[in-house]
Structure formats: structure tokens, C-alpha cells
Amino acid sequence: MGHADPQLSTTAVASDSHALDNFWMPFSPNKEFKAEPRLLVKGEGMYVWTAAGKKVLDASSGLFCVAAGHCRPEIAEAVYSQLKTLDYAAPFARGHPKSFQLAREVTEFTPTGLDRIFFVGSGSESIDSAMKMALAYHRARGQGQRQLFISRERAYHGVNMGGVALSGMINNRKAFGVGLPGVYHMRHTALPQNKFVKGQPETGADLAEDLQRYCAMYGGDNIAAVFIEPTAGSFGCLPPPKGYLNRLREICDQHGILLVFDEVITGWGRMGANFGAQAFGVTPDLMCMAKAITNGAQPMGAVAARTDIYDTITNAGPAKGIEFFHGYTYSAHPACVAAGLAMMKIFREEKLIDRAAAMAPYFIDAVFSLADLPVVVDIRAIGMMAAVEVAVEGSPGARGHELQKRLFDAGINLKSTGDSLIIAPPFISEKSHIDHIVSVLREVLSKP
Ligand SMILES: Cc1ncc(COP(=O)(O)O)c(C=O)c1O
């Protein structure tokens with residue numbers, strides 16, 4: 001398996017200097033990449049291969065998606081078979097049985113009570129869908145004045161306009177203005193005293209009082225929902241201080257505000273439990289998910305809603321006719337549903353989430369062994385996700401970006417955000433894979 005399939009090689013790219021011109025790459029340094037492309041052509045298990053046949057360990061599960069490892073034949077076969085049988089079914093006022101089956105199977109993993117599942121095409125769509133659900137729910141209860149949303153600095157809630165407004169990562173916002181009015185951001189919880197803490201920090205729960213201040217300032221009864229990643233992922237693994245999420249839950253209950261967990265990364269085992277909700281013992285009212293729901297093999301997301309949120313919106317609608325004017329052409333697409341069902345089977349039969357939970361302590365200790373390196377200024381880790389933050393060199397993010405490329409060339413694929421290197425390997429990782437990731441990190445970070 002040392003060489004890529006020659007059929008997949010990029011001879012066309014090599015021989016045509018304009019071969020990469022037309023694809024406007026998302027969230028990428030287009031000019032830099034096109035001058036020095038790192039193209040992937042094959043994946044299997046823990047690894048991906050470049051066009052030149054180089055084998056690279058996928059230490060970030062793609063973008064936190066590939067929990068069960070790459071190219072699972074069960075998923076590929078389920079999708080192929082579905083596409084031969086029913087390739088598309090309009091999801092509006094039509095349906096196909098497997099979407100109902102997948103919704104039911106998803107609820108085997110969601111917290112009790114979050115059992116109404118709305119399918120979408122991505123994490124970003126799940127966020128904007130949840131915003132609309134919150135607004136529609138309050139309006140149906142005669143509280144249409146609740147138009148404000150609260151989120152947090154350093155949050156990432158996807159790229160649709162609602163999610164951009166919620167997000168607290170400045171580069172994702174500044175070119176586009178504020179996104180939506182009526183979104184306020186609580187302070188983040190990356191406190192200096194929480195550096196090099198394994199798991200949840202002891203200090204910082206009091207930052208949840210920012211929500212109480214917004215309630216006092218703008219009126220708790222004007223706030224529709226609070227959006228929170230149980231552990232901020234894209235910023236670079238920021239676990240919640242102990243008691244922080246519980247306090248947000250209390251304040252939301254006190255003011256009738258919906259608590260929405262963005263579990264796009266933290267869901268499906270990444271925190272060592274089904275969802276962050278179970279890992280941290282706090283149940284939200286709406287929960288957004290995507291990524292590992294199909295092992296990344298098909299684009300899909302979902303919102304899990306409390307039964308009574310569905311009931312309130314649905315019962316407020318007409319006896320016959322649409323109750324919630326929202327949905328996507330590709331909601332519950334048959335191929336995505338097939339991939340989702342195959343993935344649910346893998347979760348169940350391979351006890352994949354238990355496996356993640358069992359490996360997490362070893363993984364975290366291994367990553368923390370890098371703390372002695374002079375270039376490392378912080379390590380944060382929880383479940384099967386960790387961030388190694390390096391000292392800024394030149395402009396913020398420049399060193400992180402360079403290191404991420406050097407790590408790839410040394411055989412480790414991972415995501416960098418700013419100067420944090422994010423490690424989130426598939427749940428099929430063995431100790432030897434973790435050891436390898438950490439030894440390559442040590443080697444590369446020793447020569448900053
Ligand atoms: C917490 C969180 N929310 C939302 C999203 C957006 O998901 P997508 O890229 O599938 O639209 C992401 C993507 O990484 C994410 O990490």
C-alpha cells in the first residue's frame with residue numbers, strides 16, 4: 001500500500017500549468033497551495049496518500065469527520081446500493097423510509113428528550129436551522145420579541161450568515177461586516193491560569209455570568225438562544241471550565257432562553273461520550289451535529305430538538321400545511337442517509353465511542369509529553385481532541401501554518417488554527433498510531 005493507484009495520479013496536473021486554476025478553494029491559501037500543491041488521492045483506515053504515493057497518517061480525521069477511519073467499505077457499499085435504487089427523493093412533502101429510520105437511530109445516541117431530528121447538508125446549515133427553530137419556537141409561544149442571540153468569543157459556528165454572526169473568530173467575520181444584528185458575544189474561557197490543564201479547567205466557570213449580564217442589559221426575555229460549542233474546536237480545543245456549562249443551563253432556564261449546543265465537532269464520540277452533552281452532564285434544548293454522522297463520507301448534518309420544541313412549532317401551524325418554512329433540497333438525501341445508517345451500525349457494532357473513551361487518557365498523556373518543548377506555550381486536551389499551541393513567530397498564525405505543512409511533509413496530516421496544531425485522530429487509533437503522531441510532532445517542533 002506504499003504507492004498511490006497510478007490511475008489516480010495527477011499527471012494532468014503535472015503536465016498542465018493551469019490545471020489548478022479553476023477551483024476556488026475554500027478556507028485555503030489559494031496562491032500558495034496552487035504553487036505547491038499537496039493533493040490527496042486515496043485513503044484507507046488511519047492513512048491518506050498523496051498523488052506522489054506518500055503515506056500520511058490522518059491525525060485530524062480529515063476535519064474531525066472520519067471517526068471510523070477512511071474508506072469504510074460498508075459505507076461505500078451502502079451509498080452505491082442506495083444510488084442504484086433511489087438516487088433522490090424530494091424531501092418536501094415527500095420522503096423515503098430510510099430517513100425516518102436514520103432519525104430514529106440517531107436518537108439512540110442523543111440525550112433523552114432530544115428526539116426530533118431535522119436533517120441538513122452540513123454543520124453550517126445545522127446552525128442556521130437551529131437559529132430559525134429557536135425564533136419559530138418563541139414566536140409560536142407568543143414570545144416573538146425574543147430576537148437576540150448570545151454566543152462566545154473564539155467560537156466557530158460555520159460559515160452561513162447566521163453562523164458567521166454567532167462566530168467569534170475575527171478572520172471569519174471581518175470581511176463580511178457583522179453578519180446579523182442582535183448577536184452578542186460572551187468572553188471566551190482561555191484563561192492564562194488554565195494553560196497546560198488536562199481536560200476541564202478548575203477555573204473560569206464564573207465567565208458564564210456574562211450571560212447574566214446580557215440578560216440584565218438587554219432583557220432575558222428578549223434573548224432567543226445561547227449557542228455554545230461544549231468544547232470550542234476550531235479555535236483549538238478549549239474545554240469548558242468545570243461548572244461553566246451547568247451555569248449557562250441555569251441562567252437559560254431562569255430566563256426561558258434556549259440553550260443550543262454546537263456539537264459539530266464534539267458530537268459522535270469526540271469527547272469520549274456520545275455527545276458533549278453526555279460528557280459534561282448538561283442537556284441542551286437543541287443540538288447541532290454533522291461531520292462524523294456519516295464518517296465524513298457524505299455531506300450531512302442534523303439538528304436534534306427537544307420533543308416539545310417540535311410539538312410547539314408543529315401544533316402552532318395549520319391543521320394541513322407546512323408548519324416550519326425551512327429545509328434544503330438535500331435534506332435527508334438518500335445517499336447521505338445510507339451513509340448515516342451504515343455509520344450508526346459501525347458505532348454500535350464496533351463500540352466506537354467506548355473505544356474513543358478508552359483511548360483518550362493514553363492520547364492525552366502522550367500529547368502532554370510535548371510540554372517540555374521550548375516552542376510549546378500551551379496544551380489543551382479532552383477526549384480524543386488536543387491542541388498544541390506554539391509561540392507566535394512573526395505574525396500570529398504564521399508559525400502554526402508553516403508547522404502544519406512541515407508535519408504533513410513528515411507524514412502527519414493535521415489542522416492548524418492560528419498557532420494551535422489540532423490533533424483529533426480517528427477512534428480506530430491504536431497506541432502505536434498515537435506514539436507515531438507524538439514522535440513526529442516532537443521531531444518537527446524540536447526544529448522550529
Ligand atoms: C463547531 C462547528 N460548527 C459548525 C461548523 C460548520 O460545519 P460545516 O463546515 O460542515 O458547514 C464547524 C466546522 O468545522 C464546526 O467546527
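Reply: Two residues are in contact if their C-beta atoms, placed from the backbone, lie within 7 Å. Axes are lines fitted to C-alpha atoms, for helices over the stretch in contact, with angles from 0 to 180 degrees between N-to-C directions. Helices (H or I, at least four residues) and strands (E, at least two) are DSSP runs, numbered from the N terminus. On these terms helix α13 (residues 352-368) lies across β11, β12 (385-390) and β15, running at about 180 degrees to β11. The model is predicted: local features need pLDDT of at least 70, side-chain atom pairs pLDDT 80 or more, while totals for chains, interfaces and linings use all residues. Residues are numbered from 1 along each chain as its sequence is written.

Me: How do you know that the span of helix α12 agrees with its number of residues?

Reply: The expected span is 1.5 Å times one less than the number of residues. For the 16 residues of α12 (residues 334-349) that gives 22 Å, and the end C-alpha atoms are 22 Å apart, so the two agree.

Me: What makes α12 mostly covered?

Reply: A residue is buried if 20 or more other C-beta atoms, placed from the backbone, lie within 10 Å of its own. In α12, 13 of 16 residues are buried.

Me: Why are β11 and β14 called edge strands?

Reply: Strands pair if DSSP finds at least two bridges between them. The open sheet has the order β11-β12-β15-β14, with antiparallel pairing. β11 (376-382) and β14 (415-417) each pair on one side only. β14 and β15 (residues 420-423) pair over three bridges.

How values were computed:
A residue is buried if 20 or more other C-beta atoms lie within 10 Å of its own, exposed if 12 or fewer, and partly exposed in between; C-beta atoms are placed from the backbone.
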